[in-house]
Amino acid sequence: MVDIYYWIILHDFTQKVPYNPTPKDGRDENNWSLNIPNIAVIAISLFSIIFGLYKDWNPYNLIMAGFAAINCIILSFTIVASRQSQFRKLKRKVPVLNSTMSYVSEFKARFWKLRRKIYSGVRSTALMITTLIVCGAIYFVNTRSGNEVKPLPYNYNKDIFISGIFAPEKSNGLTSLKLVKQYEVQSKLHFGIVSLYIPWGDHAESMLPNSLIDSIYKSNAIPMISWEPWQSLFDKVKSFEEGQKEEKVFSRILKGDYDDYLNVFSKQIKSLKRPVFIRFAHEADNPQYPWSAKGGNSAEEFKDGWKYVHDYFNKNGAYNAIWVWNPRKSDAVSGYFPGRPYVDWIGVTNLNYGTRNGSNSWYSMEQLYQPFHKNPLFKTDLPVMLAEMGSLPAEGKQDQWFQNAFKSIRRKFPEIKAAVFFNSSLDRNTIDTAIGKPLNWKIEDFTKVGLALKKYNKKRSWINYPNGIETAVNNTESSTKNINTQVLSEIRGVNYAKGQIWSTNYHALKKKEIVADILEMKKVGFNTIKYFGPSVYDRNVLNVAEDNGLKVAYSYWLPDNSDFIADRKALDSYADKVLNTVAELKGRKDIILWNIANTPLRKLEHDYYMPDLFFPREAYISWLHKLVKEIKKIDPSRPVTVDLYANNNLGKNIAMLHSRIPDIDYFGLVADKYSDSVAMTEIKNFKEPYFFSRVNTSGYLKNKSTKAGVFIANWQDEMTNQFVTFDGLKDYSGKNKFEFYELSNQWTGSKLPSKMPMIKVLLPSVTIFANMPVTYRALVFNSNEWSLPKPEANLRFKWNLVKTDSYGNPVNVIELGEGSSMTLTIPENPSSYKLYLYAMNDSEVKIVSTKLNIPLN
């Protein structure tokens with residue numbers, strides 16, 4: 001069919017038509033014989049267009065069909081021009097046509113004049129235009145090739161240091177905003193956290209002070225509630241003996257004794273519809289508090305109690321709570337930490353008592369914090385706040401203490417993202433025995449503290465989001481479900497994204513390639529493909545899959561880097577496209593589910609800490625909730641699934657979305673080499689329905705006992721001018737990897753080929769520099785030792801240089817050549833490249849990668 005297209009396009013240039021003089025007598029009624037060649041070409045062209053696109057609807061055929069259609073228009077014009085006499089007669093008979101053609105004639109005259117002007121201008125500026133076209137083409141090629149490696153993006157939204165304050169005027173644990181404003185004027189700081197202390201109990205002082213909290217929000221600050229589980233303020237314990245009132249609080253929480261209070265308080269938190277820090281049961285290892293071991297509470301009971309309270313809030317939809325876990329001493333970190341899914345911030349108490357300390361010693365901020373910093377938990381992405389920071393002015397050198405503190409934070413402790421000044425003279429936990437009064441932690445000179453803090457060049461305020469941002473509706477009712485869950489558990493699928501971005505990889509995926517891939521998938525044992533649409537390949541892929549008995553999971557890839565607040569119109573337009581496709585394709589029996597791919601929560605969590613995360617996350621959930629609900633209205637019979645990335649927030653996110661968007665039938669788990677290992681081991685304990693939406697072969701084989709449906713990461717490696725992938729069962733040239741045979745053996749019992757020996761790259765023992773030639777060699781592991789490959793090994797080697805972006809993701813491939821060794825001229829910025837070695841035999845390929853040099857430690 002392509003040959004026919006080419007023949008049609010070239011026809012006017014290749015056929016030799018004898019000269020036939022135009023009739024001079026004005027009679028063209030009988031000159032149809034002159035148009036027979038043109039009519040024949042038009043007929044053949046139209047047949048070629050219809051038949052060609054019917055057989056194979058792909059970009060290449062569409063473009064060629066476009067050329068053929070243009071050719072038809074040109075030939076049709078020549079036929080019309082040859083019938084001018086009859087056309088004039090028709091105009092005289094039809095006044096409307098005559099009037100219309102007068103406008104056409106006027107347009108033609110003006111267009112002719114414009115054409116002459118353009119022609120004259122082009123002739124006089126031909127050299128300049130040619131130069132611009134050449135320069136533009138060179139720029140286009142260079143910018144599209146991905147040669148530029150961008151520096152690591154600066155994550156401004158996480159590069160923060162927020163100051164906060166506890167400044168009570170009375171002994172009720174509530175900060176006075178009048179005092180806060182005074183201190184802001186003195187220090188020229190804005191306090192982004194305002195600290196409050198609220199005890200548990202039945203009475204008003206144990207409920208939210210709504211007026212105060214609303215005023216805190218209006219000042220663009222976030223309240224932090226140190227929520228203290230005292231029991232003696234509950235009427236139900238009044239009958240207890242005095243020594244028993246404060247005992248075993250976490251056991252009682254777990255028994256449900258305080259569910260009524262939790263229900264009321266969590267609903268109050270939810271009603272705020274804005275983020276709030278909850279610093280629950282702080283310093284559970286501090287014997288001054290009855291919720292410590294002194295009150296008969298163990299570390300395990302504390303962790304279980306923390307999870308119970310956290311889950312209770314989630315059950316009531318209070319997802320605006322930001323959980324701050326605050327041990328007293330560093331040796332309690334490992335034993336008391338309730339788990340990553342249950343903690344948003346780590347709080348640390350950083351108070352210098354000086355001589356009033358039990359050891360009678362002065363401690364700097366660094367000395368107090370350093371033991372915490374050494375714990376591996378503080379090397380994760382969890383932000384840390386100094387939830388109570390201060391130095392007793394009676395101990396002297398308070399200004400110097402703060403100056404040294406901020407200098408240490410700036411130089412040594414990047415994980416600290418906030419500090420709350422404990423600016424109180426009403427600390428009743430410790431009495432100053434010298435005067436018989438509570439300790440006074442007030443800062444004597446806020447001006448100096450403010451100057452010291454401003455030297456810390458960080459973002460010092462939360463994001464001030466505009467009013468009117470839509471927050472997600474908490475919905476505990478789902479649409480009526482009539483879903484065949486057995487179908488999803490039986491899925492043995494693979495992601496099929498081959499040729500999707502044809503405009504950048506310059507490869508049009510033809511139907512015969514799709515047929516070959518589908519047939520080979522069936523031999524491996526796949527029964528389903530996950531296909532990403534809508535795209536130009538929809539008809540081909542869906543029809544070929546149906547013809548060969550494969551089911552289809554139809555997936556939508558959300559636009560990358562979407563801003564669910566600023567880009568709402570564009571996202572709503574994308575949602576309309578999704579819904580239109582669902583309506584169009586819902587009649588196909590081979591489609592077994594709708595899948596919302598890409599994982600926006602992963603990026604949002606990468607870009608923001610709570611509370612800045614709250615409104616973007618709410619905007620995403622709100623958008624997703626509406627989309628899923630609309631899909632269900634159009635097609636209630638098929639499951640709607642949403643992908644989540646398997647990081648350390650997986651448990652929290654899957655529970656949150658399952659609770660808030662119950663119309664989501666299944667969650668697709670996306671796991672790769674960067675996925676959190678703990679999250680992967682906990683998957684089997686999830687209560688929420690899930691399947692593996694994207695996982696490599698080794699990850700699947702490790703988790704195959706879960707009996708969840710699975711989609712292998714990719715059928716074939718992809719190579720475009722924007723990105724490169726190496727997670728396919730085939731390399732980008734189509735050669736099988738060993739994982740291909742592993743799956744076939746697992747599912748069909750086919751025999752495994754003899755496994756290729758391990759290979760690696762022998763790096764040069766020199767320090768490399770740009771533009772210097774360096775030789776790399778392949779090594780093969782045989783007879784328990786590494787050696788250079790021998791000819792009888794029947795291995796062929798190929799070398800590629802792969803450019804990576806600032807995150808280490810491959811973005812461009814440069815083919816170097818073949819052979820067991822390769823001499824490479826080192827490129828500029830060698831740290832932005834990796835060397836890939838392909839070892840191949842007749843049936844398999846193995847790929848290893850390495851940096852260009854031996855790292856110097």
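Mentor: Let's begin with Lys 245, which sits in the loop between strand S3 (222–228) and helix H9 (249–254). Keep in mind as we go that this is a predicted model. Is Lys 245 buried or exposed? Its relative accessible area is 13%, and the cut-off for buried is under 20%, so Lys 245 counts as buried. Which residues does Lys 245 touch, once its neighbours within four places in sequence are left aside? They are Gln 231, Ser 232, Val 237, Lys 238, Phe 240 and Arg 252. Take Ser 232 from that list: it is 13 residues away from Lys 245 in sequence, yet the two C-alpha atoms are 5.7 Å apart in space.

Stay in this loop between S3 and H9 for a moment, because Lys 248 lies there too, and Lys 248 is partly exposed, with a relative accessible area of 30%. Its backbone deserves a look as well: phi of Lys 248 is near 50°, a positive value in a residue other than glycine. Most residues other than glycine have a negative phi.

With a relative accessible area of 53%, Asn 771 is exposed. Moving into strand S22 (residues 773–782), we find Arg 777, which counts as partly exposed at 38% relative accessibility. Beyond its neighbours within four places in sequence, Arg 777 is in contact with Lys 760, Val 761, Leu 762, Leu 788, Trp 799, Ser 820 and Ser 821. Thr 823 is 46 residues from Arg 777 in sequence, and their C-alpha atoms are 8.8 Å apart.

Now for some helices. Two packed helices are described by the angle between their axes and the distance between the axes. Start with helix H20 (residues 568–585) and helix H22 (residues 614–634), whose axes come within 10 Å and cross at roughly 20°. H20 and H22 are therefore roughly parallel to each other, and their crossing is right-handed. On the H20 side, the residues that meet H22 include Leu 571, Tyr 574, Val 578 and Val 582, while those on the H22 side include Trp 623, Leu 627 and Ile 631. Sorted by class, the residues of this contact are twelve nonpolar, one polar and four charged.

H22 has another partner in helix H21 (residues 600–607): the axes of H21 and H22 come within 10 Å and cross at roughly 170°. That makes H21 roughly antiparallel to H22. Here Pro 600, Leu 601 and Leu 604 of H21 meet Pro 616, Arg 617 and Tyr 620 of H22. This contact of H21 with H22 has five nonpolar residues, no polar ones and one charged. The loop between H21 and H22 holds Pro 611, and a cis peptide bond joins Met 610 to Pro 611, with omega about 10°. Most peptide bonds are trans.

There is a cis bond from Gly 533 to Pro 534 as well, with omega near -5°. Pro 534 is in the loop between strand S12 (528–532) and H19. Helix H19 (residues 538–547) packs against helix H18 (residues 511–524) at an angle of about 35°, with the axes 10 Å apart. Lys 511, Ile 514, Val 515 and Ile 518 of H18 make this contact with Asn 540, Val 541 and Val 544 of H19.

One more helix shows how burial can be arranged. In H15 (residues 446–454), the buried residues are Phe 446, Val 449, Gly 450, Ala 452 and Leu 453. These cover an arc of only 165° around the axis, which puts them on the same side of H15. Among the elements that cover them are strand S1 (162–166), helix H7 (177–187), helix H14 (398–412) and strand S8 (416–422).

Finally, step back to the whole protein: its secondary structure comes to 26 helices and 28 strands, and 49% of its 857 residues are buried. Of the contacts between residues at least 6 apart in sequence, 71% join residues at least 24 apart.

Technical notes
Residues are numbered from 1 along each chain as its sequence is written. This is a predicted model: local features need pLDDT of at least 70, side-chain atom pairs count only at pLDDT 80 or more; totals for chains, interfaces and linings use all residues. Side-chain values use heavy atoms; hydrogens and water are left out. Axes are lines fitted to C-alpha atoms, for helices over the stretch in contact, and angles run from 0 to 180 degrees between N-to-C directions. Helices (H or I, at least four residues) and strands (E, at least two) are DSSP runs, numbered from the N terminus. Angles under 35 degrees count as roughly parallel, over 145 as roughly antiparallel, 65 to 115 as roughly perpendicular and the rest as oblique. A crossing is left-handed if the near helix is turned anticlockwise from the far one by less than a right angle, and right-handed if clockwise. Contact means heavy atoms within 4.5 Å. Ala, Val, Leu, Ile, Met, Phe, Trp, Tyr, Cys and Pro count as nonpolar, Asp, Glu, Lys and Arg as charged, and the others, Gly among them, as polar. Buried means under 20% relative accessible area, exposed over 50%, partly exposed in between (1.4 Å probe, protein chains only). The arc is that of the directions from the helix axis to the C-beta atoms.
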